[in-house]
Amino acid sequence: MIRLEPRPDPSNIMIGLTPIFAVIATMIFGGMLFVFLGKNPVDAIRMIFWDPVFGEHAFYYRGQILVKAAPLIMIALGLSFGFRAGIWNIGAEGQFIMGAVIGGATGLALYPLDSFLVFPLMIVMGSIGGLLWALIPAYLKIKFNANEILVSLMLVYVAFNFLIGMVTGPLRNPDGFNFPESRSFQDFPSAHNPELWAGTGIHWGVLTTLGMVIFAYIAITRHIFGFNVRLAGQAPRAAKFAGVDPNKMIAICLGISGALAGMAGLFELTGPAGKLTTTFPVGYGFTAIIVAFLGRLHPIGILFAGLLLAITYVGGDIIQSQLSLPKASIQVFQGMLLFFLLAVDILVNFKIRIGKGISK
Amino acid sequence: MTLIALNNLTKKYPGVIANDDITFEVGKGEIHALLGENGAGKSTLVKMIYGLVQPDYGMMRLEGKGFTPSEPRTARLAGIAMVFQHFSLFEALTVAENIALGMENPPSSSILSDRITKVSYKYGLSLDPKRLVGDLSVGERQRVEIIRCLLQDPKLLIMDEPTSVLTPQEVDALFLTLRRLRDEGTSILYISHKLEEIKVLCERATILRRGKVIGTCIPKNETAKSMAEMMVGSKLKSPKKSKANFGAPILEVNNLSLKSSDPFGTALKNISFNLRAGEVMGVAGVAGNGQDELMLALSGEVLSGLNSIKLENKQIGQSNPIQRRLLGLLTAPEERLGHAAAPEMSLAENTLLSGFQRQKLGRRGFLNKPGAIAFAEKIVQQFDVRTPSVRNGAKSLSGGNLQKFVIGREILQNPKVFIVNQPTWGVDAAAAAFIRQALLELAEGGAGVLVISQDLDELMEISDSFMVLSEGQISTPRPAKGITIEAIGLMMGGTKVA
């Protein structure tokens, strides 16, 4: 008989090991998926995990990994505060879009002004756009106790339609032959977020993300704010006893995650994406939820989880082009990762015992 | 004649032997007490009898036949019933609906209501099957649980701390019921900390200490003190009260009225009293009469009118818990795990809950971790908290140890006013004596101490003056001297509050 036995204290070893177990389980079951799709599973797994980092064309892919990891990590960092406090912002994708639209619109309004202040102003406006979008579920939760999961998720679709409205309306490129897209930021030097060193993929967003990791690490481990976030998540009544205002906590946590998602959206828009189009959102805001949990809501963990997920994104592109697998297959693969992570999480608080034996 | 015999029952958990070679028996028609400190293994033992936990070793015999219940259902079918300390009732359902939920094949509601009325009449447990449980007092809720058990015609009724939530009058009524059951041949296994009650009610008592049977005694021939010493395994000294010497009023509460945030909570109505420096004031009352609401209003977790609470003449009704702490008002809520302490956090981290500002365990918001560890170690040392290290999680401590930690954390911050709810609830005798002594010493040092408690013996032992909280209203304080338990009991029962 196989039994689960509670551990007296959560196992620190398992906290570190379970993400690795989850990755291995995903490789095994993902491999089976590829077998059913009629592909060689070993090739597919190698293309997803190995080729982007060490393969023949890795010099190109490595930059791509950083470009994709940066927004994932930045959004996941913001989400991790709320998730720790038990506040579930599922709508980072919408805040990402709103950050890009508001920040981008600010820049486009100033076109073709030549000033070094344009880009910083756009970053600020992008963050504010995401922040305000996230404060809508916060306000509704505080005022009417509306479920923030539903509200924030539904606002993603509102944001997406807002984006479509903007690129087919006010923000459409006047010189763009009526295509539903904005002016390209590459043609607007003071608003452009360029690759800083050719071939590395590093742009201002990547550097800012690294700074944010350090900042978040200090906040969560050394500062009373991070302590209160953990306290509110683990024992809400104890947090009240300590003097934490739960409503303030909701507003701050949703605000932080919204602002970071908005900032990520702005960096993405002005750099890798280049312009606002109807295909601008690619799901970073949703994948960041996986990144946050895979990284155990810890800033350093999120850094590595973001890199890993970025590898699967790049690897997904490779299998799409080389094995002609559908795009959905890599999304299933990423979903499996979260699924297995949540499943093996039980090992942190429980031990598996086989047989009816008496313990100790 | 023996009803149930336990032979060499042993149950081990990782790192601890909960029950070690337990052997004793309960006779037919006997009220048998099970005594022991927290963590002595009483709950594990009754869980084995009730089929919730299976022994690793040993056996049980029920009426001479081998008895190994694998789940509570089997135990119930064999005639074992249990009233838990914490009730499992749905407040939004009626008495009859709640009882039907616990039955294998509930009869139609009219038949069930008839049976409930009959049983409740027979055993003197007046109860209307159609009332909503949310509207019942705690004593009445317990009756629902007892009737639920009696409908199964049990051979053995297990009761876990049944009187901790009752008024003295309700306790008397319960004892009448239990004696009637005994006279009809039902055996009762009675778990309680209240040794005076056990002397009155029980024929025999089995005493557990650290998972082992220490002995069996006849409570009538013992004193409460001698039984407590058997439980603890050492001599007890009772707290000493020095002569009262009161200063000026330090905490003034004026016409405090508040609605409860809990739909089944109790609203506070026009509460007014003064607490003087050096005074220990007891607030008696049955749980659910506004204790939690009063505690939250005084601690600042719920805000009230600016003028309704004054600390040293400063109006603090609108101040949050942090501001009140900085002014010198410290509190220890009833629920240790989850309210006074965060279960998953270490003891050192738990000092930050109330000590961050007042103990300066941080600078500009950055945590001073060595400071928190040092403060936790000071608490552990001065309040005799037994833990391997201050890095251990709060939930790994026993109830008594954690309570000593919580009380110590507040007292070592030199409060001007200290408010504590149920300071020794579920705490073993030795730790309870220690905590009461600490409260008395705090008051001697000039602080005002407000103790909210359901334990009348405790309040009589330590308070200088005395109030009763009933249905959200408070009685005028009286000096504790010369007041009788019966008089308090009448005030608690909700009869006219003087």
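Is B:E410 buried or exposed? I looked it up in this predicted model, and B:E410 is buried, with a relative accessible area of 0%.

**Entry 1: the partner of B:E410**

I checked what the side chain of B:E410 meets, and found a salt bridge with B:R409, at 2.9 Å from N to O. B:R409 turned out to be buried too, and its relative accessible area is 0%. The cut-off for buried is under 20%, so both residues qualify.

**Entry 2: B:K404 and B:D384**

Next I looked at another pair, B:K404 and B:D384, whose side chains form a salt bridge with 3.6 Å between N and O. I found B:K404 in helix α13 of chain B, which covers residues 399–411, while B:D384 sits in the loop between α12 and α13 of chain B. They are 20 residues apart, and the pair links distant parts of the chain. I noted that B:K404 is buried at 5% relative accessibility, whereas B:D384 is partly exposed at 32%.

**Entry 3: the sheet in chain B**

I moved on to the strands. Four of them make an open sheet in chain B, ordered β2-β1-β4-β5, with antiparallel pairing. Which strands are at the edges? They are β2 (16–27) and β5 (65–66) of chain B, and each pairs on one side only. I zoomed in on β5(B) and saw two bridges joining it to β4 of chain B, residues 57–62. B:R61 has B:G66 in β5(B) as its bridge partner. I also spotted helix α1 of chain B (residues 42–49) lying across β1, β2 and β4, at about 120° to β1(B).

B:E63 is in the loop between β4 and β5 of chain B and B:K28 is in the loop between β2 and β3, so the pair ties together parts 35 residues apart in sequence. Both are partly exposed: B:E63 has 31% relative accessible area and B:K28 has 36%.

I then noted a network of salt bridges linking B:R436, B:D455, B:E458 and B:E461. How many salt bridges are there over all chains? A search of the whole structure finds 29.

**Entry 4: two helices in chain A**

Last, I turned to chain A. Helices α3 (residues 58–84) and α11 (residues 284–294) pack at about 65°, with axes 7 Å apart. The crossing of α3(A) past α11(A) is right-handed. Among the residues that meet are A:L72, A:I75 and A:F83 from α3(A), and A:Y284, A:I289 and A:F293 from α11(A). By class, I counted 12 nonpolar, two polar and one charged residues in this contact.

Technical notes:
Residues numbered from 1 in each chain as written. Chains lettered and ligands numbered in written order. Predicted model: local features only at pLDDT ≥ 70, side-chain atom pairs only at ≥ 80, totals over all residues. Heavy atoms only, no water. Axes fitted to C-alpha atoms, helices over the stretch in contact; angles between N-to-C directions. Helix = DSSP H or I, 4+ residues; strand = E, 2+ residues; numbered from the N terminus. Left-handed = near helix turned anticlockwise from the far one by under 90°. Contact = heavy atoms within 4.5 Å. Nonpolar A, V, L, I, M, F, W, Y, C, P; charged D, E, K, R; others polar. Pairing = 2+ DSSP bridges. Salt bridge = Lys/Arg side-chain N within 4 Å of Asp/Glu carboxyl O. Buried < 20%, exposed > 50% of the residue type's maximum accessible area, 1.4 Å probe, protein only.
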